[in-house]
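Subject: Structure handover, salt bridges

Hello,

Please find the structure below. My notes on its salt bridges follow.

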Amino acid sequence: MEDKKIHILLVEDDEVDVMNVRRAFKKSNILNPLYIAANGLEALAILRQEKIELAMPQARRLILLDLNMPRMNGIEFLRELRQDEKLRSIPVIVLTTSNEDRDKVEAYNLNVAGYILKPVTFSNFVEVMATLNKYWMLSEIP
């Protein structure tokens, strides 16, 4: 199963949400490595391997992206990501509290693989993480 490992970058500024993702991974026995960035700028630095101690492998990557963040928000990050020849093909799932139609339209216009509203309860959050993991483990990612 090692060759099917997906390297997941969580771009999220809320420490409680980061903790919930980690707890959901543990509860669902998700063993994929999780990398954390607090905003779009940090995420780009990790993806571009600008800081070797935070570097993420170049293969089999998936991004879980919040939209509402300081410094560089999720939409700004998506624009930058999609303009980068080396990064544009990385699948992105938006995981946010924003139920705004304009955010959904803009995210899909920037080729996100999905747009998911953060569940309110932890049990639903665990279910979402387990479902996402199951889907991406079945998907062929280069």
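A salt bridge here is a side-chain nitrogen of Lys or Arg within 4 Å of a carboxyl oxygen of Asp or Glu. This is a predicted model, in which local features need pLDDT of at least 70 and side-chain atom pairs count only at pLDDT 80 or more, while totals for chains, interfaces and linings use all residues. Residues are numbered from 1 along each chain as its sequence is written, and side-chain values use heavy atoms, with hydrogens and water left out.

Searching the whole structure gives eight salt bridges. One of them pairs K118 with D66, at 3.7 Å from N to O. K118 sits in the loop between β5 and α5, and D66 in the loop between β3 (61–65) and α3 (74–83), so this pair links parts of the chain 52 residues apart (helices, H or I, of at least four residues and strands, E, of at least two are DSSP runs, numbered from the N terminus).

K118 also forms a salt bridge with D17, at 2.6 Å from N to O. Because D17 belongs to helix α1 (residues 15–27) and K118 to the loop between β5 (114–117) and α5 (122–138), the pair ties together parts 101 residues apart in sequence.

Buried means under 20% relative accessible area, exposed over 50%, and partly exposed in between (1.4 Å probe, protein chains only). K118 counts as buried because its relative accessibility is 14%, and D66 is buried at 4%. D17 is buried as well.

Another salt bridge joins R102 and E100, at 3.5 Å from N to O. R102 is exposed at 59% relative accessibility, whereas E100 is partly exposed at 43%. Elsewhere, salt bridges with shared partners join E12, D17, D66 and K118 into one network.

Regards
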